[in-house]
Amino acid sequence: MNENRETALLAQVPDGLLIAGAWRPAEGGRTLDVADPATGRVVRTIASASVADGEAAMDAAADAFPGWAATPVRERAELLRRAFDLLQERREDFALLMTLEMGKPLAEARGEVAYGGEFLRWFSEEAAHVQGRYGANPEGTGRMIVTQHPVGPCFLITPWNFPLAMATRKIAPALAAGCTVVIKPAALTPLTTLFFAKLLQDAGVPDGVVNVVTTATSGPVSEAIIRDPRLRKLSFTGSTPVGQQLLQQAAGGVLRTSMELGGNAPFVVFEDADLERAVEGAVAAKFRNIGQACTAANRFIVHRSVADEFATRVTERVNGFTVGRGTEDGVVIGPLIDDRAVAKAGQLVADAVSRGATLRTGGNAIEGEGTFYAPTVISDVPAGADILREEIFGPVLAIVPFDTEEEAVRLANSTEYGLVSYVYTENLARGQRMIERLETGMMGLNVGVVSNAAAPFGGWKLSGLGREGGAEGIHEYLQTKYTLTPDPFA
């Protein structure tokens, strides 16, 4: 990859906070450094917002809300469509930027640009399809009118692992519904959100409708915004413990909340599965984004009769992976986000092996610059291993054998999380039973990737509440009003 191109691109990324349409430094000149996890080198230094900066962003969103809510739906839709078109024109820049700040291979970053862009296109189309109701009440004494209205200013908190898609998945429905936003991207990967906010300005978003606060002190800044009585909606993607804390803070203002939290996805392979398809699905479900996805398969629950063959085939695929900086040709596995992620992967593997699991390949951090962990396969993981309880968030595939369908269901559901599950079987009736019995908000039946802008994304249990994407997504940013009028014929 041409270093001059990287330097030129990084220079185009704003380094300030976006508040009321203006890019400005943080209070007191506070800054934070953004590093490339593949090298450890700082690629950009940007503003780090204070509590006062967060409050100023909230002021801007509240001031802009009445005007944006009154903007005709068609104008909002056309703005989102312009943003989609601009993103297609600049897709290579966005892909490279994500690779530089997050580490994912460039081919996957291009995939995220396509996926993230679809939220702009989808919600540009959904904006004009919000419906109400009109009709007589059952008693025949009046007419009921049900209408939908934008909920108000929103605070959006996005994670580091999908810097573009998480921003578009929240911003697009909010703007389509007529809401204004303050968005706080993760401190590890804020550059893509800043660059996207600049694109939204180019698309014509009015001042104050989208405000961006980047900060190294997330807790105090977020709490100040959440406690503001003018805020009406909180949307968060991240860990369950942080989501629980934010829900407690949101309770005071009785905020509308959307929470996309942790996962512990089971990937169930039955004895009648098409193993070739199952292996392809396993590679996609586990190693996409270097395993750093809430939808990543965490526990591979494989029928004992095919477990060894499945493990052998998967290991062959994994041994063929190229590890390296995401900008290099042919790289499949880039770096993990930081040293803590490498240490966690190592600890989980070591614990499983110490309990009797078989290490098939990998199982070690890679020496040299950057935060790399070798893609790993372990089999025969025993009950009680930490890796079966904790979200891995790394390139480690852990296999657990089972004997009966009942046992598979029990193992799959034996977690407090319920985001997504994957099932491979050629038996239609069994597939239908799994749809009914697995306790997850999403499921892939003979497919390894389920995310789609047209589908409702979200989980059960401690994996969160609310839905993003699909026809359901815009309703997270709307509130319902019922009006009763007298019978016009009385």
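Val254 lies in the loop between α9 (240-251) and β11 (256-260). Helices (H or I, at least four residues) and strands (E, at least two) are DSSP runs, numbered from the N terminus. Val254 is not a glycine, yet its phi is positive, about 45°. The residue is exposed, with a relative accessible area of 64%. Buried means under 20% relative accessible area, exposed over 50%, and partly exposed in between (1.4 Å probe, protein chains only).

This is a predicted model: local features need pLDDT of at least 70, side-chain atom pairs count only at pLDDT 80 or more, and totals for chains, interfaces and linings use all residues. Residues are numbered from 1 along each chain as its sequence is written, and side-chain values use heavy atoms, with hydrogens and water left out.

Lys461 also has a positive phi, near 55°, in a residue other than glycine. Its place is strand β20 (residues 460-461). Lys461 counts as partly exposed, at 37% relative accessibility.

Gly40 takes a positive phi near 80° in the hairpin of β3 and β4, which has six residues between the strands. Strands β3 (residues 31-35) and β4 (residues 42-47) are antiparallel and pair over five bridges. Two strands pair if DSSP finds at least two bridges between them. Thr31 stands opposite Ala47 in β4.

**Aromatic rings**

The whole structure holds nine aromatic pairs. Rings of Phe, Tyr and Trp (its six-membered ring) pair if their centres lie within 6.5 Å; planes under 30 degrees apart count as stacked, over 60 as edge-to-face and the rest as tilted. Trp160 and Phe393 have ring centres 5.7 Å apart and planes at 85°, so this pair is edge-to-face. The pair links distant parts of the chain, 233 residues apart. Trp160 is in the loop between β7 (154-157) and α6 (165-177), and Phe393 is in the loop between β15 (376-379) and β16 (396-402). Trp160 is buried, with a relative accessible area of 17%.

Two rings carry a charge over them. A charge sits over a ring if NZ of Lys or CZ of Arg is within 6 Å of the ring centre and within 35 degrees of the ring normal.

| Charged residue | Ring | Distance from ring centre |
|---|---|---|
| Lys233 | Tyr477 | 4.9 Å |
| Arg430 | Phe270 | 4.3 Å |

**Nonpolar cores**

Phe267, Phe300, Phe310, Tyr422 and Tyr424 form one aromatic cluster. Phe267, Phe300 and Phe310 are also among the residues that touch the most other members of the largest nonpolar core, which has 66 residues. Val381 and Ile387 belong to that group too. A nonpolar core is a set of buried Ala, Val, Leu, Ile, Met, Phe, Trp, Tyr and Cys residues joined through side-chain atoms within 4.5 Å. Helix α10 (residues 275-287) gives this core its largest share, seven residues. Apart from it lies another core, of 65 residues, including Leu79, Leu86, Ala165 and Ala177.

Which residues does Phe300 contact, leaving aside its neighbours within four places in sequence? They are Phe267, Ala282, Lys286, Phe310, Leu397, Ala398, Ile399 and Val400. Contact means heavy atoms within 4.5 Å.

**Cysteines**

The model has zero disulfides. A disulfide is a pair of cysteine sulfur atoms within 2.5 Å. Cys154 is in no disulfide, and its nearest cysteine sulfur is that of Cys179, 3.9 Å away. That distance is too far for a bond. Cys154 is buried, with a relative accessible area of 0%. Cys179 counts as buried as well, at 0% relative accessibility.
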